[in-house]
Amino acid sequence: MAVGCNDNKVQILQSSSLQATSETLTMVYQSAVKALAWNPTHRGVLATGSGQNDQRVVVWDLVSGSYRNCIDTKSQVTGVLWAPSSNELITSHGHFDPNLRVWDMGSNTNKCKLSGHSNMIVSIAKCPLNDHVISLSADESLRVWNIFTKNKSFNKSKHSSSLLSLDKIR
């Protein structure tokens, strides 16, 4: 288990006892780490996203004890999800960039920006039934995105707008 902290660190916990291990990720973050996602197909690979003063996504390989990738997103990272292909990462962002982004982790490039929210995205999740991505924003809207094709990779032709949009959900 991994826990992002307000002290700008990520703590790794033993899953059997939930006791802190001696393992704390060594990269020094400049902001709290609030976005974490384990890679579903590669054991020990963790993506972390950090706040406004840092604006990075770092992909760690905890088996080898090193990091694989570091991407400057140029925006506060509020959420991280692995795409079904596991070579792509989806990030959500804060006040100055309230969008979702799809990243190619092989080349560290931004494949696309998904717009639709007018305020920071506070949470993202992947639907377990169909790989849709759901985003919730401080603008009180919820959006459902159909980002991936049947072969589980990013589909550029389908990403231009959300599949479903609910405004003022309170």
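In the hairpin of β6 and β7, four residues lie between the strands, and G65 takes a positive phi near 80°. Strands here are DSSP runs of E with at least two residues, numbered from the N terminus. The model is predicted: local features need pLDDT of at least 70, side-chain atom pairs count only at pLDDT 80 or more, and totals for chains, interfaces and linings use all residues. Residues are numbered from 1 along each chain as its sequence is written, and side-chain values use heavy atoms, with hydrogens and water left out.

β6 and strand β7 (residues 66-72) are antiparallel and share six bridges. Two strands count as paired if DSSP finds at least two bridges between them. Within this pair, Y67 of β7 is the bridge partner of W60. On the β5 side, strand β5 (residues 45-50) also pairs with β6 in the antiparallel sense, over five bridges. Here L46 stands opposite W60, and G49 stands opposite V57. β5 and β6 form a hairpin with five residues between them. Q55 lies in that turn and has a positive phi of about 60°.

These strands belong to an open sheet of four, in the order β4-β5-β6-β7, with antiparallel pairing. β4 (33-38) and β7 stand at the edges. Each has a single partner strand, so one side of each is left without a neighbour in the sheet. The twist averages 20° from one strand to the next. Angles run from 0 to 180 degrees between N-to-C directions, and axes are lines fitted to C-alpha atoms.

Strand β6 (residues 56-61) is largely enclosed by the rest of the structure, because six of its six residues are buried. Buried denotes under 20% relative accessible area (1.4 Å probe, protein chains only), with over 50% being exposed and values in between partly exposed. R56, V58 and W60 point one way from β6. V57, V59 and D61 point the other way. Both sets are buried.

A further open sheet has four strands in the order β8-β9-β10-β11, again with antiparallel pairing. β10 and β11 run antiparallel and are joined by five bridges. V102 stands opposite C112 in β11.

R101 lies in strand β10 (residues 100-104). R101 counts as buried, at 15% relative accessibility. Its side chain makes polar contacts (N or O atoms within 3.5 Å; within protein, one must be able to donate a hydrogen and the other to accept it, and residues adjacent in sequence count only if both atoms are side-chain atoms). The side chain of D97 is one partner, at 3.0 Å. The side chain of N110 is another, at 2.9 Å. Neighbours within four places in sequence aside, R101 is in contact (heavy atoms within 4.5 Å) with L89, I90, T91, H93, N110, C112 and K113.

S92 is placed in strand β9 (residues 88-93). S92 counts as buried, at 0% relative accessibility. The side chain of S92 makes a polar contact with the side chain of T78 at 2.8 Å. The S92 side chain also reaches the backbone nitrogen of G79 at 2.9 Å. Not counting residues up to four places away in sequence, S92 touches Q76, V77, T78, G79, N99, L100, I121 and I124.
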